[in-house]
Amino acid sequence: MLIEKLKKHWLAILSVALSLVVALFWLALRVNWSGISKNFGADKNRSFFIMETPLIFCILMFLAVIYALVAFFVWSGKRKAPFIVSLSLSGVFFILELVVVIMGAKDYLPFILPTFGLSLLICLCLLAFGLLLFFPNTAKTKLVTALKWTTLSVAVFGTVLVAFDVKANYFTYNPVVYAVEDEYQIVFSTNDESIVWVEIDGEKYYDLYAGSMKSKDLVHKVTVPQEKLDKAGKYTVGAQTMIYRGPFGGYKGKTFTQDYNFRAVDISDGFDYYTITDVHGSRKGAVNAAAAFEAELKKNNRTTDLLVVLGDSYSMIDSEYDAQFTNLFAHDITKGEYPVVYARGNHEIKGKYAEDLYKYVGSKNQNFYYDFTLAGGKVYGITLDLGEDHTEGANDDDGWWEYYGTDVFSQYRNDQTKFLQQIVDSGKYLNRDYTLVCCHIPIQFVNNRHNNMQVKADWTSLLNTIQPDLCVYGHQHDLYPFLDGQDTQYDGKPTKYCEQGKLVYNSQFKGKNTTYGGYLTDFYFNGFVCGRRGSTQTDTVGAFNKSQHIGLGTSVDFNSNKQTSVYWNSKGEKVAVFNPFVEGEAQTAFVTELK
């Protein structure tokens with residue numbers, strides 16, 4: 001009987017199914033809606049119909065779903081024309097989606113497909129629930145009745161669990177120790193609302209708000225004195241479930257703890273740190289590349305002192321998982337046993353969880369610029385955040401249309417200029433054994449859109465005074481050395497932006513006399529763009545490939561006053577790297593002098 005009904009109504013069922021699948025996929029494509037608008041000219045014309053074209057299509061697609069459902073109940077088994085119209089309309093929308101995927105959305109399929117799959121699964125569950133609950137009686141009445149009561153029982157049980165928030169509590173994300181100023185911020189998470197603490201040498205430190213223990217967040221950040229943890233060499237993270245927190249009483253549940261060892265930065269035999277950037281979801285590749293550097297150090301009985309993460313760990317911060325992704329691979333690498341420094345990437349500005357990111361990583365006053373010390377103050381660092389550099393034109397550093405009027409980075413950058421000036425005026429950078437500067441967007445390099453050119457010039461001038469031993473960057477998805485005194489190639493034609501003209505590629509790297517279009521600032525310190533997905537300097541890696549990544553390992557020898565920087569890939573290999581803007585052979589190691 002069921003088979004006969006399916007045969008009779010197959011066209012109606014197909015039209016409803018296809019229209020729903022197409023509409024749900026378009027909704028999952030919303031991470032690329034801005035790119036669709038851009039192809040319609042949104043960067044030049046910000047009219048309502050250009051900016052909201054993807055939303056208009058979304059509304060039309062769901063109207064098509066409603067039409068298919070109405071047709072199913074009104075004309076199913078009677079007329080074919082309404083369903084042919086529905087299938088034709090869905091077919092047009094399906095072709096549109098294919099075009100969007102081919103034109104660029106394919107790079108975001110790892111993010112689109114899970115969202116689409118989840119929404120489709122929810123729809124199928126609702127359909128199954130409806131069929132079981134309202135399925136008509138047949139000869140097998142007892143079986144149908146049993147299925148109905150089973151479905152209803154599961155629904156009621158699930159509702160009770162959700163309503164009373166009944167679930168086991170445990171650590172969901174293990175600790176990462178972030179270095180900020182002269183403190184450590186230990187970040188970890190629990191499965192349920194909890195009060196938490198970190199215990200060091202018998203003393204407890206809490207996640208507090210104005211003297212009261214926080215209990216409604218799942219992510220926890222406990223600040224501890226650097227000196228205390230460095231001396232103790234171990235710590236315990238603890239949590240207790242907060243079942244109910246009322247105005248005049250409450251109920252607490254299970255207490256659970258986990259112990260960790262910790263090694264302080266010790267530069268008596270040198271300083272070894274690994275820098276990773278632009279992971280974009282490639283957790284396995286990032287971890288394996290860092291392990292390659294660690295394996296090399298162990299040959300000389302050394303270990304990594306510090307992990308530097310330079311942002312764009314994920315391509316958007318649109319969920320709890322996205323916000324936690326840095327902690328996932330940072331703990332995989334460090335095991336919570338040595339410190340991490342974090343700089344925000346421009347992709348970490350995007351998504352509804354972006355404004356909460358400061359809770360999940362190292363930060364200061366909800367900002368991502370700060371200085372830090374390690375090794376009892378012998379190592380000094382500065383973390384900076386340029387925000388975004390996708391605006392069009394040198395004098396328009398805010399207003400990138402993708403942010404729909406929410407970006408106000410100019411004041412944020414000006415505050416950092418003042419912050420750097422205060423460091424210069426105070427002399428905090430003086431009398432240090434090593435100085436490191438971390439920023440996602442390169443300060444020494446101005447791209448062909450000339451974004452942030454004045455800020456980069458100002459910061460370069462201040463850093464020329466500070467004289468960092470190294471600056472580390474990401475963002476470009478390439479491997480660029482910026483070496484003090486390098487004989488950089490220019491086309492010899494001065495521009496309004498740069499007296500030396502445009503950068504020219506190394507002829508052995510990418511064609512003779514090819515113009516890049518950007519220029520370098522007037523710097524007197526060394527820097528590197530530190531990583532990319534891939535195994536070589538120039539290979540192309542697809543969006544679904546999560547196993548290939550390159551990062552930069554730096555080993556400092558204070559006896560010789562030199563440092564060696566090597567790019568390591570996830571295969572455990574040293575990567576041969578051309579300096580793109582300097583004529584010469586590729587190198588597997590870059591040796592620079594300390595300042």
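Contact here means heavy atoms within 4.5 Å. Keep in mind that this is a predicted model.

**Around Gln 226**

Let's begin with one residue and its surroundings. Gln 226 sits in helix α8, which covers residues 226–232. Leaving aside residues up to four places away in sequence, Gln 226 touches Ala 179, Glu 181, Asp 182, Glu 183, Tyr 184, Thr 373 and Leu 374. Is Gln 226 buried or exposed? Buried means under 20% relative accessible area, so Gln 226, at 5% relative accessibility, counts as buried. For a sense of distance, take Glu 593: it lies 367 residues from Gln 226 along the chain, and their C-alpha atoms are separated by 29 Å.

Strand β1 spans residues 171–180 and is mostly covered, with eight of its 10 residues buried. Strand β2, residues 183–190, pairs with β1 in the antiparallel sense, and seven bridges join the two.

| Helix pair | Residues | Angle | Axes apart |
|---|---|---|---|
| α4 and α5 | 53–75 and 81–102 | about 155 degrees | 10 Å |
| α11 and α12 | 409–426 and 453–466 | about 15 degrees | 10 Å |

With α4 and α5 packing at about 155 degrees, α4 is therefore roughly antiparallel to α5. The crossing of this pair is left-handed. On the α4 side, the contact is made by Phe 57, Leu 60, Met 61, Ala 64, Tyr 67, Ala 68, Ala 71, Phe 72 and Trp 75, while α5 brings Pro 82, Phe 83, Val 85, Ser 86, Leu 89, Phe 93, Leu 96 and Glu 97. By type, that contact divides into 15 nonpolar residues, one polar and one charged.

For α11 and α12, the angle is about 15 degrees, so α11 runs roughly parallel to α12. This crossing is left-handed too. Here α11 supplies Arg 413, Gln 416, Thr 417, Leu 420, Gln 421, Ile 423 and Val 424, and they meet Val 455, Asp 458, Trp 459, Leu 462, Leu 463, Thr 465 and Ile 466 of α12.

Notes: Residues numbered from 1 in each chain as written. Predicted model: local features only at pLDDT ≥ 70, side-chain atom pairs only at ≥ 80, totals over all residues. Heavy atoms only, no water. Axes fitted to C-alpha atoms, helices over the stretch in contact; angles between N-to-C directions. Helix = DSSP H or I, 4+ residues; strand = E, 2+ residues; numbered from the N terminus. Parallel < 35°, antiparallel > 145°, perpendicular 65-115°, else oblique. Left-handed = near helix turned anticlockwise from the far one by under 90°. Buried < 20%, exposed > 50% of the residue type's maximum accessible area, 1.4 Å probe, protein only. Pairing = 2+ DSSP bridges. Nonpolar A, V, L, I, M, F, W, Y, C, P; charged D, E, K, R; others polar.
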